[in-house]
Amino acid sequence: MDNIVLQVKNLNVYYGSKKVVSNLNIEIFRNYITAVMGPSGCGKTTFIRTLNRMHEFTPNAKAEGSIILNGQVLDKMDPILVRRRIGMVFQKPNPFPTMNIHDNVIAGYILNGIRMKKSDLNAIVEDCLTKAGLWEEVKDDLYKKGTFLSGGQQQRLCIARALAMQPDILLLDEPTSALDPIATAHIEELIVELKKDVTILLVTHNIAQAGRVSDYVTFMYLGELIEYGTAEQMFTAPENEKTNKFLTGAIG
Amino acid sequence: MNNFDTDKHFKFRKLKNKVFKYFLYFLSSLSIIPLILIIVHIFKNGISAININFFTSLPKPVGESGGGILNAIVGTSMLVMIASVMAIPVGISTGVYLNEHRKNRLSYYIQLSAEVLQSIPSIVIGIVAWIWIVLPMGHFSALSGGIALGIMMLPTIIKSTEETLKLIPHSLKEASLALGVPYYKTILKVLLPASLSGIITGILIGIARIAGETAPLLFTAFGNPFLNFSINKPVASLPLLIFNYATSPYDDWHKIAWGASLVLITFIFTLNIFTRLFTKKYKVKF
């Protein structure tokens, strides 16, 4: 069971009285990319927001069931610790506008008040920007504001920022939906590159993207997990009728 | 070719456009005329009173020439400071609360009271401060005046803090929370710095607003012809001094009132220019 990093059992998520995720069971494998596919409104974003307990900031949101991260029950951990172990990158790039590129990467350290030697921090900055494929482009502009970068660069900066906390899992919530095709291609290459360091959960409603980057694919529909399997099996011989319909464009 | 494209038709349309444009120019330039007239008038009457002495000495008794407004400058600075110390922390916290809890009952009432507070006549605030502070203390004081001005400053700061925070995309807050940053640090270190320019603007506008207030000070700070640094005693202030001197029968005092008006107007003008520069320079791009 060593290769299972995250285990979700009987997860139900409600907004008020409305059930958005129902009875979801899944095991996420370490150092693989798992894509969460499904049409808009099927609960995929809600699902991954429960994983780092970001749903707690949504009023009326309530999650039931158990999530186990590396053998630890998520609900019993401090939410702040959970979010340091499970990083998140959002749909729209959101670098901190008051910080320069350098500080944006180590924002998690600065904002949490974690004191470290300057040389160590600089090493983290270089390491994470390199991993995010941004180092060569910004190494001379480290002390310029992050918001001057292009959308794609900003998103890679946000990935670097999430990586800096050395998370076990990185949640990517449609990270390319606000980007142009070239920037998207960049990010996709980067995601594949990153899996040796971190387990990745990628939410996407772009079937082709899921096909290009993922090792495992889940298909969600109306809050339910319809099918889960290797990418190869899901794209060539889906077992469920609905998955087949989604992949062929009949629903979604 | 139809008759819409004829030369004559075009010429008439262009003429109408031009007339409309100049009409707009004319009416909008009308609005700056009062300000220019006021400034020119005050400048003409006040400039002759201004010299170094004017800023560094105290008023002289009637009949003696010269004398300055040092007491009023010190007094106004003290009042503004007391008001700011009171209003800034309360105002910013309230603005943050309103932005964080947009739909609950308490924020509805806070919003309502901030709006009502803004429109309460300043003389009424003066009277209330008199009843609350001057009566129990038994004497006029800088403190009571500062509190009256602080109450007047509050709505401006609340509104500007709330409005600027509203402009900050929700994704920024999530970015911070997702890094495991606690809620209070997210507010203090991410949201407030990002809205700093708007908050400072609100504070400067608030100061510009209260620096010229006379009515709330009539029963509170009261005025004082001598230099006073104690918040427990009455102090002079620029608008009070202008009010008292301008309504006096002495020409010397009228001159000082004009000079003081010039000083006050220059201060407020500079504050406004600073506000503009500040907003431009520290505007955060998301």
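In what order do the four strands of the open sheet in chain A stand? They run E2-E1-E4-E5, and the pairing is antiparallel, where two strands count as paired if DSSP finds at least two bridges between them; the helices (H or I, at least four residues) and strands (E, at least two) are themselves DSSP runs, numbered from the N terminus.

Before I go on, please keep in mind that this is a predicted model, in which local features need pLDDT of at least 70 and side-chain atom pairs count only at pLDDT 80 or more, while totals for chains, interfaces and linings use all residues. Residues are numbered from 1 along each chain as its sequence is written, and chains are lettered from A and ligands numbered from 1 in the order in which they are written.

Leaving aside neighbours within four places in sequence, Ile68(A) is in contact with Gln7(A), Val73(A) and Leu74(A), contact being defined as C-beta atoms, placed from the backbone, that lie within 7 Å.

Across E1, E2 and E4 of chain A lies helix H1 (residues 44-51) of chain A, which runs at about 60° to E2(A); axes are lines fitted to C-alpha atoms, for helices over the stretch in contact, and angles run from 0 to 180 degrees between N-to-C directions. H1(A) is mostly covered, with eight of its eight residues buried, and among these are Lys44(A), Phe47(A), Ile48(A) and Arg49(A). Just after H1(A), Arg53(A) takes a positive phi of about 60°.

Strand E3 (residues 33-37) of chain A runs parallel to E8(A) and is joined to it by five bridges, with Val36(A) standing opposite Val203(A). Strand E7 (residues 169-173) of chain A is likewise parallel to E8(A), again with five bridges, and here Leu170(A) has Ile200(A) as its bridge partner. E7(A), helix H8 (residues 181-194) of chain A and E8(A) make a right-handed β-α-β unit, right-handed meaning that, with the strands pointing away from the viewer, the path from the first strand over the helix to the second runs clockwise.

Which residues have the most contacts inside the largest nonpolar core? They are Val36(A), Cys128(A), Ala160(A), Leu171(A), Leu201(A) and Leu202(A), in a core of 82 residues, a core being a set of buried Ala, Val, Leu, Ile, Met, Phe, Trp, Tyr and Cys residues joined through C-beta atoms within 7 Å. Its largest share, seven residues, comes from helix H7 (residues 151-164) of chain A. A second, separate core of 56 residues includes Ala49(B), Val80(B), Ala83(B) and Ala260(B).

Finally, the contact between the chains takes 20 residues from chain B and 21 residues from chain A. On the side of chain B that touches chain A, helix H8 (170-178) and helix H9 (183-194) of chain B are the elements that give two or more residues, and H8(B) gives the most, with seven. By class, that side has 13 nonpolar, three polar and four charged residues, where Ala, Val, Leu, Ile, Met, Phe, Trp, Tyr, Cys and Pro count as nonpolar, Asp, Glu, Lys and Arg as charged, and the others, Gly among them, as polar.

Note on methods: Buried ≥ 20, exposed ≤ 12 C-beta atoms within 10 Å, placed from the backbone. Contact = placed C-beta atoms within 7 Å.
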